[in-house]
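I opened this notebook to keep track of what I looked up about aromatic rings and their surroundings. The entries follow the order in which I went through them.

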Amino acid sequence: MTDQDRRPELGVCYYPEQWSEEKWAEDAARMVALGLTWVRVAEFAWAKIEPKPDHFDWAWLDRAVETLGAAGLKVILCTPTAAPPKWLVDLYPEILPVAEDGTVRKFGARRHYCFSSIRYREEAARITGEIAGRYGKNPHVHAWQTDNEYGDHDTIHSYSPAAEEAFRLWLQARYGTIDALNEAWGTSFWSMTYQGFDQIDLPNNLVEEPSPTHRVDFMRFSSDQVKSFNKAQVEIIRALSPGRPVTHNYMNQNTDFDHYAVGEDLDIASWDVYPMGGLVHGRLSDADKARYLRVGDPDQTSFNHDLYRAVGRGRMWVMEQQPGPVNWATSNQAPADGMVRLWTWLAHAHGCEMVSYFRWRQAPFAQEQFHAGLLLSDSTPDQAFREVAEVVAEAQALPAAGPRARARVAFVLDYPSRWATLTLPQGQTYRANHIALDWYGALRRLGLDIDIIGQHSDLAGYDLVVAPDLVIPDPGFVRRLAASGAKALFGPRAGSKTETMQTPATLAPGPLGALLDFRVLRVESLPDYHGERLVMGNRTLAARRWRETIETHEKALARFAGDYRDGAPAFIGNDRARYLATLPDPGSLREVMADTLSWAGVAHLPDLGDLRLTRRGGLTFAFNYGPAAAEVPAPSGARFHIGGRLLPPVGVAVWSDQDRTTSR
Ligand code: GAL
């Protein structure tokens, strides 16, 4: 469906190769009866499609596609390259990825391939051509997915001989001469000078850390390898299956490759939503993890929706929605009853066109036996099945949502900047992915809708651009930001590295000096248990983990207070831009954000606590992540389509709201 359409479309991930054929027709009929319209198949089916080299068994997949399609389902067909078969690995062991410690990662699970293996690229292109050739014009096939979750199981960085060879060529193309590389990498330090590109190793198993430029270049190279691997498949599919959109299913918060770059070659960005594991492995304190145990981090899923809407240039799907407990996190708690419904409406509110659940039936064998599905393994409905039925019924009552309007606040997520802080963290307490969610969450608690953008994105229409960790600002972005009329808020470390991971000649913030006049003289990371104090007007704020000493002629909006450099500027600004020289705690960050929104002329609500609001077209959606019922801030004339003014825990309310002051 397009963004203008009125209802969320729903689908499911199905594995015909895992079930006896007698079940297929009944499964398909039950999917349709439930209200599903999409079904994704075959992403791990290579061994069944091609059981021996060049010996294809299409008959079962022909029948599966026909059975599902004839029942009325639109099929999303996948290239099966995330799981090369055993015979292929035996024929060409060089396709296997190599871990950072140098061990070859073996066959027996999935994602056992190296993006740089030319042999594997040929094989991936071959099987993509075969499957797209056979089904490209099949009337039941409506979309394609490339591979499965690039980056899952830590598979972007491979330290194989093929990667080494490709990396050397990549460096040669980037730098031209070895002198230029020596200069960029700072190899005069520790006698690391190279005489030729063929001497360069991958940055693993060294005695100490490599030059940060060496490491970031390897990250850039590995990201480029994913892009070209994906693009090759997309081109084959487009040629053989014209008119069908191509997507890839990304993950929660994986920053090992540049998602925007891969997204340029896709029609739709999809992602896989597993909030329970996301909570357990995420940024919150143990107390908050306990508080949100069965509902997940109230901001993480929305953050990803907003990110993938940008990656898909407006088009976003959920390819795998968690239906119940999963099997792979450090603990695997069940979501509260009602969460599958909430997550489905949350996706829709954030502009998602289609939500597909993972998976139809729980597997009674292999690695994911404890992973829930819509059905239990004996085919009886599980909790999620009932909640999907509820969503389908509710959708009938919902008026046209319309497209999501451009937000007034844009949030910059830049992948090379992430690689920069992973490479030079300057202490383990600086965690860019946590900081990003803290900033995003602070704005969301004030009722804001947010667009996530990259440095390449169009800035027109934004009143405020926030960038919590823009370590490597692109000069073109800085120029466009300056010309845009938007105000900007930068977090610490902004502009602190050049593209080659060096300190700018003028010190940090490098090119951001065009917006704000200051220099960073000293940075320090601080242990989690230590708090800094800031005085902002008549308020005292708390900050943690990172502190900078800056020299500035700009106005100090807040100053550090305490026994170390008492009175030093902590938060500065002029009429165009602001800079935070530290990381405020969540409550203090909210105060900083509220003040900054007012400065930028963006209206906001009082702290929403456990509620979150999202607007899509003429509708406002409210979600309650808290343990108690809460009143939603709907205007008096609001017309409720789902839920009501008092929202129970795990509740969803949707209303039409013509009053622009509350809907902004
Ligand atoms: C995803 C993956 C699926 C399945 C799922 C389990 O990462 O794409 O194939 O393994 O996790 O939660």
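Is W58 buried or exposed? I began with this residue, keeping in mind that the model is a predicted one. With a relative accessible area of 10%, W58 is buried, because anything under 20% counts as such.

I then looked up how many aromatic pairs there are, and the count comes to 37. One of them joins W58 and Y135 in an edge-to-face arrangement, with 5.7 Å from centre to centre and 70° between the planes. I noted that this pair links distant parts of the chain, since W58 lies in the loop between α2 (46–49) and α3 (59–70), while Y135 belongs to helix α5 (residues 118–135), 77 residues apart. Y135 is also buried, at 1% relative accessibility.

Next I turned to F303 and Y440, which form an edge-to-face aromatic pair, 5.2 Å centre to centre and with 80° between the planes. Here, too, distant parts of the chain are linked: F303 sits in helix α12 (residues 300–311) and Y440 in helix α16 (residues 432–445), 137 residues apart. I checked burial for both partners and found F303 buried at a relative accessible area of 1%, and Y440 buried at 0%.

I also followed ring pairs that join up into a cluster, whose members are W46, Y113, F115, Y120, Y150, F229, Y250, F257, W271 and Y308.

Last, I looked for charges over rings. The charged end of R361 sits over the ring of W19, 4.4 Å from the ring centre, and that of R493 sits over the ring of Y430, 4.5 Å from its centre.

Definitions and conventions:
Residues numbered from 1 in each chain as written. Predicted model: local features only at pLDDT ≥ 70, side-chain atom pairs only at ≥ 80, totals over all residues. Heavy atoms only, no water. Phe/Tyr/Trp six-rings, centres within 6.5 Å; stacked < 30°, edge-to-face > 60°. Helix = DSSP H or I, 4+ residues; strand = E, 2+ residues; numbered from the N terminus. Buried < 20%, exposed > 50% of the residue type's maximum accessible area, 1.4 Å probe, protein only. Lys NZ or Arg CZ within 6 Å of the ring centre and 35° of its normal.
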